[in-house]
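Visitor: I have a structure open and would like to go through it. Can you take some questions?

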Amino acid sequence: NTYQFSTEIVLGCTDSSACNYNPDATVDDGSCNYGNICSDGSYACDCGGSPDWEVNENDYETNSGVTAIVYIDDYVQGGADDILAAFGPDGSVRGVASSAGPIPPVPGAVYAGANHYLISVYGNNAENGSTFTFKYYSASNDQVVELTETITFAPPAGVGDVVDPLILNGTLSTDTVDCAGVTNGDAAEDDCGVCDSVSSND
């Protein structure tokens, strides 16, 4: 009698704790993904939507208007569900804005047509001269991005306008979490189901 055995090789993530676990995979191809950085700093497969950034303007004495363009990885941002937020020196939310649409074609507006944000940044008189920071929620990436630029709070003076907007820049995180829970670690689940970074015992 002649017997034939056929073993189909299916590449994929074989770690059941990974976000992209493939129960049909027979060989781990190193593609396991353990989540994204969420707005609260935790990691999850699905961060559950936009952050709950809110500000009560009545809690503050004054404000400063900011006209800004946001670039993430050198691309102008402005998704319908994207959010720009300002933060005070104590880390609290001090302003929230959705896209204001394209900058109108006014004389001198070199960024005419680029999506922009109009955000009121709130604070107290004692914070005059303090540094305020910005974060951006990209809905298409479900990720919060820390923006590089800051402003010096100086109400009632505004920052930027449609001719000369404040340019804010950020980079999407490419951090991953390995099967051991280490950010950007190299541990992977081997054929025996062991999570480590030692290839000699695979």
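Visitor: What is the mean pLDDT of the chain?
Guide: This is a predicted model, and the mean pLDDT of the chain is 86. Of its residues, 84% reach 70 or more.

Visitor: Which elements have the lowest and the highest mean pLDDT?
Guide: Strand 3, residues 36-37, has the lowest at 62. Strand 13, residues 151-152, has the highest at 98.

Visitor: Now the inside. Which residues touch the most other members of the largest nonpolar core?
Guide: They are Val66, Val70, Leu84, Phe134, Leu147 and Leu168, in a core of 19 residues. At least two core residues come from each of strand 5 (62-72), strand 7 (83-87), strand 10, strand 11 and strand 14 (166-170). Strand 5 gives the largest share, with four residues.

Visitor: What is Leu168 in contact with?
Guide: Apart from neighbours within four places in sequence, Leu168 contacts Ala68, Ile69, Val70, Tyr71, Leu84, Phe134, Leu147 and Glu149. There is also a second, separate core of seven residues, and Ile83, Phe87, Tyr137 and Val144 are among them.

Visitor: Which residues make the nonpolar surface patch?
Guide: Ile9, Leu11 and Val27 make a patch of about 290 Å². Val27 lies in strand 2, residues 27-28.

Visitor: Why does Val27 count as partly exposed?
Guide: Because its relative accessibility is 32%, and partly exposed runs between the 20% limit for buried and the 50% limit for exposed.

Visitor: Different topic. Where is Asp73, and what is its phi?
Guide: Asp73 sits in the loop between strand 5 and strand 6 (75-76). Its phi is positive, about 50°, although Asp73 is not a glycine.

Visitor: And what about Asp142?
Guide: Asp142 also has a positive phi, of about 45°, and is not a glycine. It is in the loop between strand 11 and strand 12 (143-146).

Visitor: Is Asp142 buried or exposed?
Guide: Asp142 is buried, with a relative accessible area of 15%. Asp73 is partly exposed at 32%.

Visitor: Which peptide bond is cis?
Guide: The one from Pro155 to Pro156, with omega near 5°. Pro156 is in the loop between strand 13 and strand 14. Most residues other than glycine have a negative phi, and most peptide bonds are trans.

Visitor: Last one. What does Ser130 touch?
Guide: Not counting residues up to four places away in sequence, Ser130 touches Pro89, Ile151, Thr152 and Phe153.

Methods
Residues numbered from 1 in each chain as written. Predicted model: local features only at pLDDT ≥ 70, side-chain atom pairs only at ≥ 80, totals over all residues. Heavy atoms only, no water. Contact = heavy atoms within 4.5 Å. pLDDT = per-residue confidence, 0-100. Core = buried A, V, L, I, M, F, W, Y, C linked by side-chain atoms within 4.5 Å. Buried < 20%, exposed > 50% of the residue type's maximum accessible area, 1.4 Å probe, protein only. Patch = residues over 30% accessible without salt bridge, like charges linked within 9 Å, V, L, I, M, F, W, Y side chains within 5 Å. Areas by Shrake-Rupley, 256 points an atom, 1.4 Å probe, with all protein chains shown as cover. Salt bridge = Lys/Arg side-chain N within 4 Å of Asp/Glu carboxyl O.
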